[in-house]
Amino acid sequence: MPYLTVQTNVADSQITNDFLKQLSAKVAEVVGKPEQYVVIHVSGGQKIFFAGTNDPAAIMELASIGLSSGQTANISNAIMSFFEEKLSIKTSRIYIKFTNVAGNMMGWNKGTF
C-alpha cells in the first residue's frame, strides 16, 4: 500500500498522466510492492519557498507497510533522480519524509492490511 504524496511548485500542466504512470511504476519497483497497491498524489503549482528561493522544489511523503530504514537511501535516490530527470527539480531541493505504517493501521477495501 505504498503511497507517495508530492507538493511541488512546478506547474500543474507538467504533471501529466504519463508522468504519474511512470512514477507509480518507479515507486512499486523501488519499494518492492505490487503496483496494484500504489497510490500517487502530486499537487503541482504550489507556493513553495525552499532555501530562500522559489526555484523548482518538492516536498514529499512516502508511506508504506514494512518500510525499513535500510531501504530509504535507495528509495530517496531513485525518486529524487526521477524528479530531477522528468521535472528538472534539483535533488538538493527535494525533501522526502518516510513513514513505516503497521498493516493494522492502514485501511483498505472495508478492512485493513
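Which residue stands opposite Leu 4 in E3? Leu 62 does.

The model is predicted: local features need pLDDT of at least 70, side-chain atom pairs count only at pLDDT 80 or more, and totals for chains, interfaces and linings use all residues. Residues are numbered from 1 along each chain as its sequence is written, and side-chain values use heavy atoms, with hydrogens and water left out.

## The sheet

Some terms come first. Helices (H or I, at least four residues) and strands (E, at least two) are DSSP runs, numbered from the N terminus. Two strands pair if DSSP finds at least two bridges between them. Strands of a sheet pair through backbone hydrogen bonds, either parallel or antiparallel.

Four strands form an open sheet here. Their order is E2-E1-E3-E4, and the pairing is mixed. E2 and E4 stand at the edges with a single partner strand each, so one side of each is left without a neighbour in the sheet. From one strand to the next, the twist averages 10°. For such angles, axes are lines fitted to C-alpha atoms, for helices over the stretch in contact, and angles run from 0 to 180 degrees between N-to-C directions.

| Strands | Sense | Bridges |
|---|---|---|
| E1 and E2 | parallel | five |
| E1 and E3 | antiparallel | six |
| E3 and E4 | parallel | eight |

Single residues mark these pairings. Gln 7 stands opposite Ser 43 in E2. Ala 63 stands opposite Thr 99 in E4. The chain runs from E3 through H2 to E4, a right-handed β-α-β crossover. Right-handed has a set meaning: with the strands pointing away from the viewer, the path from the first strand over the helix to the second runs clockwise.

E3 is mostly covered, with six of its eight residues buried. Buried means under 20% relative accessible area, exposed over 50%, and partly exposed in between (1.4 Å probe, protein chains only).

Contact means heavy atoms within 4.5 Å. Which strands does H1 touch? H1 packs on the sheet and touches E1, E2 and E3. Its direction makes about 130° with that of E2. H2 also packs on the sheet, touching E1, E3 and E4. The direction of H2 makes about 135° with that of E4.

Ser 76 lies in H2, which covers residues 72-87. At 16% relative accessibility, Ser 76 counts as buried. Leaving out residues up to four places away in sequence, Ser 76 touches Ile 96 and Phe 98.

Asn 17 lies in H1. Is Asn 17 buried or exposed? Asn 17 is exposed, because its relative accessible area is 67%. The C-alpha atoms of Asn 17 and Pro 2 are separated by 19 Å, and the two residues are 15 apart along the chain.

## The nonpolar cores

A nonpolar core is a set of buried Ala, Val, Leu, Ile, Met, Phe, Trp, Tyr and Cys residues joined through side-chain atoms within 4.5 Å. In soluble globular proteins, nonpolar side chains tend to be buried together.

The largest core has 24 residues. Met 60, Ile 79 and Phe 83 have the most contacts inside it. E1, H1, E3, H2 and E4 each supply at least two of its residues. H2 gives the most, with six.

Phe 83 is buried, at 0% relative accessibility. Beyond its neighbours within four places in sequence, Phe 83 is in contact with Val 6, Phe 19, Leu 23, Met 60, Ser 88, Ile 89 and Ile 94. Another core lies apart from the largest one. This core has five residues, among them Met 1, Ile 65, Val 101 and Met 106.

## Aromatic pairs

Rings of Phe, Tyr and Trp (its six-membered ring) pair if their centres lie within 6.5 Å; planes under 30 degrees apart count as stacked, over 60 as edge-to-face and the rest as tilted. The whole structure holds seven aromatic pairs. Phe 82 and Phe 83 have ring centres 6.0 Å apart and planes at 70°, so this pair is edge-to-face. Phe 82 is buried, at 6% relative accessibility. Phe 19, Phe 82 and Phe 83 form one aromatic cluster.
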